[in-house]
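Dear colleague,

Please find below the structure for your files. My notes on it follow directly after.

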Number of protein chains: 2
Amino acid sequence: MRIGIVGLGLIGGSLGIDWVAAGHQVWGVSRKLETCQQAGALIHGSSTDLESLAAHDVEVVVICTPIESIIPTLKYLAGSLSPQVIVTDVGSVKAPIMAAAQEIWPSFIGGHPMGGTESSGIAAAQAHLFRGRPYAFTPSANTDPQALQRLQALARDVEAEPLVCAADVHDQAVAWISHLPVMISAALIRACMSAEDPEVLGLAQYLASSGFRDTSRVGGGNPDLGTAMAQYNKTALLQTLARYRRHLQHLTHLVETDNWGSLHTLLAQTQTQRPCFVQPDIALNPEAAALCNTPVPIDEES
Amino acid sequence: MRIGIVGLGLIGGSLGIDWVAAGHQVWGVSRKLETCQQAGALIHGSSTDLESLAAHDVEVVVICTPIESIIPTLKYLAGSLSPQVIVTDVGSVKAPIMAAAQEIWPSFIGGHPMGGTESSGIAAAQAHLFRGRPYAFTPSANTDPQALQRLQALARDVEAEPLVCAADVHDQAVAWISHLPVMISAALIRACMSAEDPEVLGLAQYLASSGFRDTSRVGGGNPDLGTAMAQYNKTALLQTLARYRRHLQHLTHLVETDNWGSLHTLLAQTQTQRPCFVQPDIALNPEAAALCNTPVPIDEES
């Protein structure tokens, strides 16, 4: 297939590497000449000119820019691409992108490959970044089933596991497991830094170990990404934050009232429930799967 | 030195291994015969009988039991040990232990080596577990300086970095960086499991990646430990929880009011501040050290 990638960072570059390896023809576009030069060694060609993709007669365009540039990029592309070209993106929020994109390119299909590393940029691009990872697609009522199938095949070409879901279901799911963690983790760093006694603050910094390191990791990440997630997924994020704050309030209440039995029960449940999220093959165990499929009641300060 | 270790789990066993390697004579005590047998290969001898330590004429006793057993163990030991024996513990909360222990053994010195792994038990014990890690001691007004020096030397024998601080300063510091993270991480798992739409819950579990994995790790840990931390460090933990909830409320407010500029500034600050806790050598950079020493104001919902 002839593929155009707009935005040659970690995601765009890594997709390009795997698609070239799978035998596709891949052309890239970046705003920066230096990035184009670096990408030149990885894919068939790259340019700073968005219209170059039409000249290469690409069949699929994958927009891999930061989320706020997806729609402006699509608007610009729309002037030069043939109408049968399949356009998708890799943004981590899908409903607002889908809504705006369909006004411009009715056959647009949202995409979200769930891969990444701590690093960013074309220099961090690598083969197999998406191996075994989910790759979500969010089609619309206008989506041509064959176009969706072609994108799913491209997802399998980067060794990802394609899945299809509604854009709003996607956004609610990522609010829970990706955007909410950024906010609660950032609040942890912020709260710890507000310890007023300099001796306590200094000792806390000195004693901090793997527990703090892990819990604070995503809150100490890229502020552009964190802000964009909050901005584009505001409604779902606020719902998860409201729910989270009720659960934290309940937990605080258990400590305040010396309710150690209930606290132990709750912590034993979270120990049992965490594997529902972090062990991909838990569904193979029917007993565990039943547990994972049963939402817990909302904890209330009683 | 002749050392007795009571409680042969991950911490007690690992201390024993390093002290034997450093040339000390080490005897252990465990309630379980099987643990004594496993420890037999690592240290000079072990027994299920607490009074065996007096028979071995130990100079130092290190109580490595779960926190709720420290004081009962000390009470029992007090009947058989010579008064000049130095007694310490490894509990993760120090003020209540110090207060109760001094009633029983006036020269008791609290200790807290900051090492650990995901695993527990004598089978997980390993050499060098404490290499380069802080080892806090919390002496009292009654503490013999020479006894404290002997314990600091023993900490260096396990390659740890001994430090001396007040018990309540220790407890406030670990509330921030160890006990608070357990609570906010557990609340994350709990909140995610309360997602009511089964499609959203299932997709969230399927899409969860390294961000959720790290942020939820300590909340999915041992419920006995989590409950004991909350119980023994209740006052400090509640203070950090109250502060944390205000910061989270502020962050939520920024999202609610579309204040993306302030949210970005806050996330840029947490990105800059996280290394104060997770990069041990940041103090070598004077500019960074100044930043780390300046507590941020308490975020308020404005």
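In chain B, a disulfide joins B:C276 to B:C292, with an S to S distance of 2.0 Å. Please bear in mind that this is a predicted model. The torsion about the S-S bond of B:C276 and B:C292 is about -85 degrees, so this disulfide is left-handed. B:C276 belongs to helix α12 (residues 260-278) of chain B and B:C292 to helix α13 (residues 286-292) of chain B, so the bond ties together parts that are 16 residues apart in sequence. B:C276 and B:C292 are both buried.

Over all chains, the structure holds two disulfides. In chain A, the bond runs between A:C276 and A:C292, again with S to S 2.0 Å. The link of A:C276 and A:C292 is left-handed, with -85 degrees about the S-S bond. Here A:C276 lies in helix α13 (residues 275-278) of chain A, while A:C292 lies in helix α14 (residues 286-292) of chain A, so this pair too ties together parts that are 16 residues apart in sequence. A:C276 and A:C292 are buried.

Two further cysteines deserve mention. B:C192 is buried, with a relative accessible area of 1%. B:C192 takes part in no disulfide, and the nearest cysteine sulfur, that of A:C276, is 11 Å away. A:C165 also counts as buried, because its relative accessibility of 9% is under the 20% cut-off. A:C165 is in no disulfide either; the nearest cysteine sulfur, that of B:C192, is 17 Å away.

Next, the nonpolar core. In soluble globular proteins, nonpolar side chains tend to be buried together. The largest nonpolar core in this model has 100 residues, of which A:Y244, A:F277, B:Y244 and B:F277 touch the most other members. Leaving aside residues up to four places away in sequence, B:F277 touches A:C192, A:M193, A:L201, A:A204, A:Q205, A:A208, A:F212 and B:I177.

Within chain A, β7 (134-138) and α6 (145-157) each supply at least two lining residues, and α6(A) gives the largest share, three residues. By type, the lining residues are seven nonpolar, one polar and no charged.

With kind regards

Technical notes
Residues are numbered from 1 along each chain as its sequence is written. Chains are lettered from A and ligands numbered from 1 in the order in which they are written. This is a predicted model: local features need pLDDT of at least 70, side-chain atom pairs count only at pLDDT 80 or more; totals for chains, interfaces and linings use all residues. Side-chain values use heavy atoms; hydrogens and water are left out. Helices (H or I, at least four residues) and strands (E, at least two) are DSSP runs, numbered from the N terminus. Ala, Val, Leu, Ile, Met, Phe, Trp, Tyr, Cys and Pro count as nonpolar, Asp, Glu, Lys and Arg as charged, and the others, Gly among them, as polar. A nonpolar core is a set of buried Ala, Val, Leu, Ile, Met, Phe, Trp, Tyr and Cys residues joined through side-chain atoms within 4.5 Å. Buried means under 20% relative accessible area, exposed over 50%, partly exposed in between (1.4 Å probe, protein chains only). Contact means heavy atoms within 4.5 Å. A disulfide is a pair of cysteine sulfur atoms within 2.5 Å.
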